[in-house]
Every structure is written in C-alpha cells, then in structure tokens.
Amino acid sequence: MTEPSRWSSSAALRLREHPTGTTAGAEAKDPSPAPVAVATGPVTTPSGWTEVCPLERVQPERAVAALVAGEPVAVVRTHDDRIFALHNLDPFSGASVLSRGIVGDVGGTPVIASPIFKQHFALADGRCLEDADVAVATYPVRVVEGVVQVGHA
Amino acid sequence: MTAEPRTRSAAEPDRSARTVVVVGHGMVGHRFVESLRRRDTDGAYRVVLLAEESRPAYDRVALSSYLGKASEEELALADEDFLADDLVDLHLDDRAVDVDRSARVVTTAGGRRVPYDELVLATGSVPFVPPVPGRELDDVFVYRTLDDLDALRSATEAATARAGAGRHAGVVVGGGLLGLEAADALRTLGLVPHVVEMAPRLMPVQVDEGGGALLRRLVGDLGLRVHTGVSTSEIRRDHRGGLTVFLSDGTELDASVVVFSAGIRPADALARDIGLPVAERGGVLVDGRCRTQDEHVWAIGEVAAVDGKTYGLVAPGYAMAEVVADRLTGGGSRFTEADMSTKLKLLGVDVASFGDAHATAGGALEVRLDDPVAGTYSKLVVTDDGRTLLGGVLVGDASNYETLRGFLGEALPGDPMALIAPAGEGAVGVGIDALPDGAQICSCNAVTKGALVEAIASGEASTVPELKACTRAGTTCGSCVPTLGKVLASCGVEVSTALCEHFTQSRAELYEIVMATGLTTFSQIVGEYGTGRGCDVCKPAVASMLATLAGGHVLDGEQAVLQDTNDHFLANMQRNGTYSIVPRLPGGEVSGEGLIVIGEIARDFGLYTKITGGQRIDMFGARVEQLPAIWRRLVDAGFESGHAYGKALRTVKSCVGTDWCRYGVQDSVSLAVALELRYRGLRSPHKLKSGVSGCARECAEARSKDFGVIATEHGWNLYVGGNGGFTPRHAELIASDLDTTTLVRTIDRFLMFYVRTADRLQRTAPWIEGLEGGLDHLREVIMEDSLGICPSLDEQMARHVSSYADEWAAVLDDPEKLARFTSFVNAPGTPDPSVEFVDHRGHRVPAGMRDGQPTEVPELGFGPRVIAGPRLPVHDSASRSPEEVGV
C-alpha cells in the first residue's frame, strides 16, 4: 500500500488543500494534460474536514461513497494514486450513484462514468464531458496519516 | 411454414381498393406482389394470389440445396409480414383454370371466382421432356419444384433399399445449367450422376468450347460421368426393377432414377385458352410495358415473351415484375434489354458468362487465357479495336465476374489480356474505382454502382447490411455482397473497428491477443497493446474476455475495477440507484417452497416483484447494502445467481413439455434446464437468451432467441441469431433433427465462436450477418470444422462448464468482496437518503424523477440541462453563484 507521503505531494491533492493557492508549480508537475485550475465552486478554505476511511478501503480506479456534512460524496482513487472527491449525485438521473461508475480516462483526462447513462465527469473539476453546461461539485480532499479526509464548508 | 390456404374471404377488403389477381406464386410473382405493396403506400390495390403449388413462393434458384442442408423454410421467400398482410390474399393449391376477360373474373380449379381489375400472369414455365420412349415410367422425374425433389428423394431411397448396398447411378438428361444442378442433387442423394447432353459440350448456352472442356474436366474430377454429343433413345424397366437408359451411341446405363432437365417451355396454356396471342416459340406476347393485347392483363417472368423473346433467368423476371408494379402505381417504366449474365457455383466449380459470350457481333475479337494446370479458363469478347468489352466466359475462377461485367459496353481501362491474367504476373487488375456509375453490381435487382454510391453519399448506408436494406442489392443470390464492401471502401467509408480510444484493435482481435498471450490483467493488456488507462467501454469488454479465458471470480483482484456497476454489485441498477435481483429459475421451473422464499424476501425487504419475459422473478428496489442479506437468504434456500446483471447467458425459456402437454414430442423442459445449467455464467459480448419448444407449436418462442431449439419427431432443430428488442429478428435454422449430444456440441461451438469473434455489444444476429459467408459459413465452421478450431472451442466450453461456481455464494463467503456493499463508507448504518419510494397502483416504486409522480426534486433529471436545487449541488457553470453550491 502506498505511503501517505506520496499522497500529499500529488498535484491534485495539493490543489484541493489550497484551492486559492497558485497552481503554476502544480501544473508543471501534474502528469495529466487536463486543466488543473479547477472550478471547485466557492473559493473558501474548508471550515472542516470529514474523515472518510482508511486509504486502502478505496481500490485504485474505483470509488467509494461517503457522507460529508450530510451530502453524498464520491471519493475516487486513480491508478497513479491521486484522490478526488465529487458530489455523488448523477445530475442526469438524479440518483446518488457516481461512486459506482467506472474510472478511466477520455483523451487523457481522468474521468468517472455515470453508471446510469454513461456520461463522463472529469475528476479534477467535475465538468461533464458530454454537456458543457453541466458539472458536479468537487471537494477538497487530503490524506492524513493514511486516512482520507474530505473538506466541507 | 406450410401455411394453410388463407381463408380470409372477400368479406374484409376495402371497397374502394382495386383488385390485382396474380396467377402463380413463384419467384417472379412473389417479387411483383412485394414490389406493388411497397410502392402502393395508400393501399389502393388489394392482391389475390392464386398458387398452383401447396407452398408459398420459394427460392427455386437454390433448389438443389434443398437436398443438402437447406430446409424448406430457408428457401421460403414469403416472410411472416407478407403472409400477414391484410391486403394480400394467398390461395395455395388452387390453380387458375379460366378467365372471363369481358367480365374480368378468374375461375380456379377449386371453383373460386375472383373478379379483378388487373390480371398478372406469372405462371412461369414447365420442364420440357423430349418424346423419349419410357419417359412415363415410374422413377423418371423432372426438376422444377420442391415436390419433384421430395419424390426424387423417396424414389432414390426406395431404389437403394431395394437393390441393397453399393453405389447406384442416376441419369440426368440435359447438360445445361439446370442439368448440372440436378446432377449435383443426385450426388447429394448418394448416386453416381451421369449427364447426357446432345450438344458437344456442357452448358452450351453459357460457355464456349474452351470453357466447356475445362468444365467437363473439373466436374469429372468431382465424380460426374459426362456424355456429350449423344441423345437419349429409350428408357426401359430392367428385370431387377431398375431402369436402363439407352443412348444414341449404343451406350446402356443402369440407373435407379432418371431426371429430365432438357430445358423449359413457357407455361402459357391458360393464356392460349383465353385467346391471348402467344409468340412463335411459346410465351404470352407482351410489349415493353409487359402488357398483353388485353389492357387489363399483364405477363411477367418466364411465361412472358417481351417483344417475342422469352427469358429463362430470374433477373429479367424480376425486372418485369418491377415494371408492372411501377405501371400499376402510375409509373412509366419499360422493360428494356435484359442482362443474361450468369454466375454460379456448380458442384464447387465457378462458372460465369456475360454479355456476348459467343462473339456473335461482327468483327468481335476473343482474348483467351486457358490454364489447365490452375484449372481456370477466361475469355473476353472485345470490339475489333480491342477497347470495348462485349462479353466473356469464366470457368474455374469467376472472382473477376462482377468487375468485368461492370465494364460491359464500356471502354476498358487497359489491355484485355491484363484483365484476366493471374494476379502477380503484371496483372493490372480492375478496381471498383474504375467502374462507370452505370455498371450493374447486382444483376438480380438491377442495382448500379451509381445507385450504391448515392446511397452511401446521402448517408443512408454506411455498412453492407444498410446498403442491402436500402438498395436491395445482394438480397437475392448474394453473389455481389463482397463487391458491396468494395464499393463502400472505394467511397472512403471505413468503419473503424477499434474498440475505443484506448485500443485500436477490434474486440475479436483483442480477444485473440489475450488468448494467445495468456495475459490476465487489464493493466498488462492496456500497457502492452493499448494506450491510457481505459474507460467504461474497454474495461468491461476486457473483463468479459478475461472471464472466459482466465476464469476466476468476476470480482477477484483487479478484475473487480473493470466491471460495470451491474457486474460490480452482481445486481441490476435501476434509475434511482437501487438494484433488482433475479435468482436463477432454470427452465422457468420453481417449487412452491421456492416461491414462498422469494415472497418472504420481497415482503421483508419491501421489494417490488415482477415476472420477467424469460420466466423468472425480478425483485426491485434493494439498496446496495441490502444485497448481501437478501442473497444470504436466497442462497440458503438453494437459489443461485441468475446473471441478469451480466452480458452473459440469461435464461433458457421452455414450454410446458412432454410432462404435461398433449402435443409435445420431446422433453423440452429437461433440455432447457440442462442447457441453462451448462451455460450459466458464460460471459459474452452481449446478453444471450435461449428457448426450447417441445413441438412445432413453438410456445417457448425459441425463434426469438439467440439460440433456440424446437423439437421434431426425430430430434431437435437448432435456430440461431434471433432476438427481440429494438430490431426484432427471427432465428434461422442452422441444423435439423439433431440428437441431443450433437445439439449440445453444436451450441457449445456456436457460443464460443460468438464469444471469441463478435464485437462488443453485438447480438448474435448482426454477428452472423457480418460473417463473410453468413449462416453457411457459420455452419461450416461449427459443424464441419472448416477452420480447424472446433477442438479448441470444445475445450474452452468444457473448461467453462467444469469451473462454474455461483458468484453470489462466493461473495457471501468473502469479507473483502462483501465490503463494497455499503451505503456510505463512513456511515454504513445510514441508508442513501435520496432513495425514496411511493405507492403506485398498490406497488412500491421509486419516488419522483419521472412521469409526474410525487417528487421531492421536481425538475431534476428530465432534460439535458440541469439546474441547481436545494438538495442538488449541481451547478450551471455559466451562471454560477456561491450560494448555489451546497458545500
């Protein structure tokens, strides 16, 4: 199992920890060609962090559902051990199911596919690749001492 | 489908409709009615078809295949839509015997009187039997109808039984196209065929001397005894009960049966009786409109003499059928010159003839290439300047036929010799590109290259099946189907077979790679043969391949992450994120005790229950964390996974069977149960459904399944390639009267060949259609092992059968696999609050979201554009404001 230190150095992870911070350095290190200057909604520092589960509970290239401040959240782990958090509600069906989709990439952009109608949502910013007008919310996420935490307002 | 004569009488027809009476339901009569019904979109005509034979129209061109593997059903031309058409009344076994042209009424042998507005004669032709003494003896036949073939078959069997073991001979009088077909039929029946032809060569109409010589040699190699330049003097019954045929050169042949196939004559007796003018050599005289002297009487096909000339091929007959259908619906088309080109495979030997094959035009030159070693003969007939193609003969190899025929009457792109030279020796070859637009690609249906190109350019067709559907090209004899593919390619239509952006290979190619390399993980496969990290297209596809190649549980290790949500949770996700559960009920059988268990589970978990189309019970509305508890109870009661969630075998539906049914002839339920247990869990490119019916009444609807079995008196008939759904298809007969062992072995191979070579999400019907050679090819592969892969297919299926284990029982015993069945990883006791149910018709169904049901989030999920709501932290990026995001 991967050590926590590797997590905290991940570009995606740092972005989530410091949504207001500069992304220049992060972009340079990010192996993904996807834009990492993400729209995570309100640019605020999380007021709290919710512990979700030990990292090893999330299988690489799969997601788990968690309850964060009353909201269902999909916590996704990619093959290169980056972690993302998106709202779990599939906007096209209204079902709380994104965490049960298949994780992969479309044109190099890491995505999760809705298991209902198969639209793809970019892990980095929640936008739907099939419909530019639709996006799901994303959340700050970090791993502290082997435990995944999701930030909330 | 030996349909009964249809008895819907004159009670129903629309009074305003005009009546067309068609005399004769052969290939041309059938084509006429099909064409008329297609053109007559307003239903202005009602059609009454009077057929002499006891069967609806069938493919007479493929007659000889009837004695081999083709069934009557396969040869049938009239499909169920046709037979069910309210505007078509078909009367079988009721020949028209008289017509009162002034009153416009047809009288039939059965005494039926049918008034008409328009009368179409499509009586075809009758075999010509020369006045040979003895032609009236028993065991002497003609070769025209399925009844003739049935009689020929039983006479052969009787003669063989009478005379005991050893090979017996049969004599065919006539060495033309039909005579060779008949000889092939005799060979199929196990006789040594002798062919007697008066002309100095076989097929004198189609081929020249050089081609005839080669043809004689090639069919001789196949066991035909050919006698040319002689006639038949007499046939006598010998003292042992057989026949002796005396030839004009003194030869005497002992034979069990004799078949006359010495040409045909137009069946114009009715026309003569009612005073219509006929041509000098027979045939009803018609003009270019195919109209007789009587403006309400038309004639088409072999009975018609257009401007005095009759045609004995199906393609000109079809053209006439189209002309009359067009005329009756207000068109102005005319029958012009007919294409008398012929291409056929006789006893495996290619023979083709086109245009002016005998160089009768003044100054015509012949270019010949005779290769006795390769067994090919080619001749082109060109104008005296060598530039324009007039005709040709090909024997032994006719692969250039479609292309060459396209150049008829056109300037050749090069030296004529280069066109027929074998490939690789400076041959230029002729590409589709060089063909003029007017070149006819499908001669049966008169479809030109231009028409095909237009269908492609307009976007109507981008695949061979689409091209067939919208132009009808390749739908009759099928010989031009490979050319259709070339036309598509020449138009730049390249249908990518790549699985997805991560794999350039097709599913079949990737399957072969995985099979050959023995790779067992997606990471290895995508790393070595693909790019990126995969997606929701290639991952489940590879998971399916690994399931049939590597085996193991579908949720083992990395395989688990590849699975679609249904396979990942071993249940079917419904629109509100809950799942449905289908335990296996093999063959649709369930005990009262089993029903009680299912009922108690449904009651205790509040599940909505529904009977499925596949004779099972589906329980809806289980939340993900409830699945293990539900399955614990099901497994404890002896149920196992029904794989309703997988691209896998679903059910084998069965009828009531011989245990109960008064009509069943075989034990369909036992077979259905055995098949379902044999193939349960088999992962495949798409779902697989099956059915077994215990008699021809077909109560299990087996022909709407991927593989369907119907009992016969002697065993089982196997049908493949059926489905319901978006494009319903009837399964086609692949083999008849199989014993159970052969049946199961054939299904084993069918399924494994499908698993290996189909595209992702391709049901069996389009898969078979896409195979080059279609159903015949499939039959050769799985029944005759033409590819030499059957041992490997058998072995792979044996491995599947022996390694099967219930997926749900395995999950219940594995804490690691069970861990995924949780609502929230950090709040496993909290059910998903978004899942709510309401009462609908007294049942429990998901709340909200559709159909005006009570809903908590009214505008959610209907349209493509989603707006934010208080409970739905989804935002429209164009008008986003901080308050809208619910974090």
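Start by selecting B:Phe569, which is buried at 6% relative accessibility (buried means under 20% relative accessible area, exposed over 50%, partly exposed in between, with a 1.4 Å probe and protein chains only). Before you click on, keep in mind that this is a predicted model, in which local features need pLDDT of at least 70, side-chain atom pairs count only at pLDDT 80 or more, and totals for chains, interfaces and linings use all residues. Residues are numbered from 1 along each chain as its sequence is written, chains are lettered from A and ligands numbered from 1 in the order in which they are written, and side-chain values use heavy atoms, with hydrogens and water left out.

**Stop 1**

Over all chains, the structure holds 13 aromatic pairs. Rings of Phe, Tyr and Trp (its six-membered ring) pair if their centres lie within 6.5 Å; planes under 30 degrees apart count as stacked, over 60 as edge-to-face and the rest as tilted.

Then show A:Arg100, whose charged end sits over the ring of B:Phe569, 6.0 Å from its centre. The rule here is that NZ of Lys or CZ of Arg is within 6 Å of the ring centre and within 35 degrees of the ring normal. For another example, jump to B:Arg265, which lies over the face of B:Phe128 at 4.0 Å from the ring centre.

**Stop 2: two crossing helices**

Show residues 740-757 and 790-803 of chain B, helices α22 and α25; they pack at an angle of about 95° with their axes 9 Å apart. Axes are lines fitted to C-alpha atoms, for helices over the stretch in contact, and angles run from 0 to 180 degrees between N-to-C directions. The two helices are therefore roughly perpendicular to each other (angles under 35 degrees count as roughly parallel, over 145 as roughly antiparallel, 65 to 115 as roughly perpendicular and the rest as oblique).

To see the contact (heavy atoms within 4.5 Å), pick residues from each side: α22(B) brings B:Leu751, B:Met752 and B:Phe753, among others, to meet residues of α25(B) including B:Leu793, B:Met797 and B:His800. The residues of this contact divide into six nonpolar, three polar and five charged. In this count Ala, Val, Leu, Ile, Met, Phe, Trp, Tyr, Cys and Pro are nonpolar, Asp, Glu, Lys and Arg charged, and the others, Gly among them, polar.

**Stop 3: helix α14 of chain B**

Next, colour residues 507-517 of chain B, helix α14, where the buried residues are B:Arg507, B:Ala508, B:Leu510, B:Tyr511, B:Ile513 and B:Val514. They pack against α15 (522-529), α16 (538-549), α22 and α25 of chain B. Just after the helix, B:Gly518 takes a positive phi of about 70°.

**Stop 4: positive phi without glycine**

Most residues other than glycine have a negative phi. B:Gln615 has a positive phi of about 65° although it is not a glycine; look for B:Gln615 in the loop between β30 (608-611) and β31 (617-622). B:Gln615 is partly exposed, with a relative accessible area of 26%. B:Ala359 also has a positive phi, about 50°, and is in the loop between β22 (349-355) and β23 (365-371).

**Stop 5: two strand residues**

Is B:Val20 buried or exposed? B:Val20, in strand β1 (residues 18-23) of chain B, is buried with a relative accessible area of 0%. Beyond four places in sequence, its contacts include B:Phe32, B:Tyr45 and B:Leu328. B:Pro115, in strand β6 (residues 113-115), is exposed at 53%. Its contacts beyond four places are B:Thr19, B:Val21, B:Arg104 and B:Val105.

**Last view: whole chains**

Zoom out to chain B, with 27 helices and 39 strands; of its 887 residues, 52% count as buried. Chain A has three helices and 10 strands, and 63% of its 153 residues count as buried.

Key
Helices (H or I, at least four residues) and strands (E, at least two) are DSSP runs, numbered from the N terminus.
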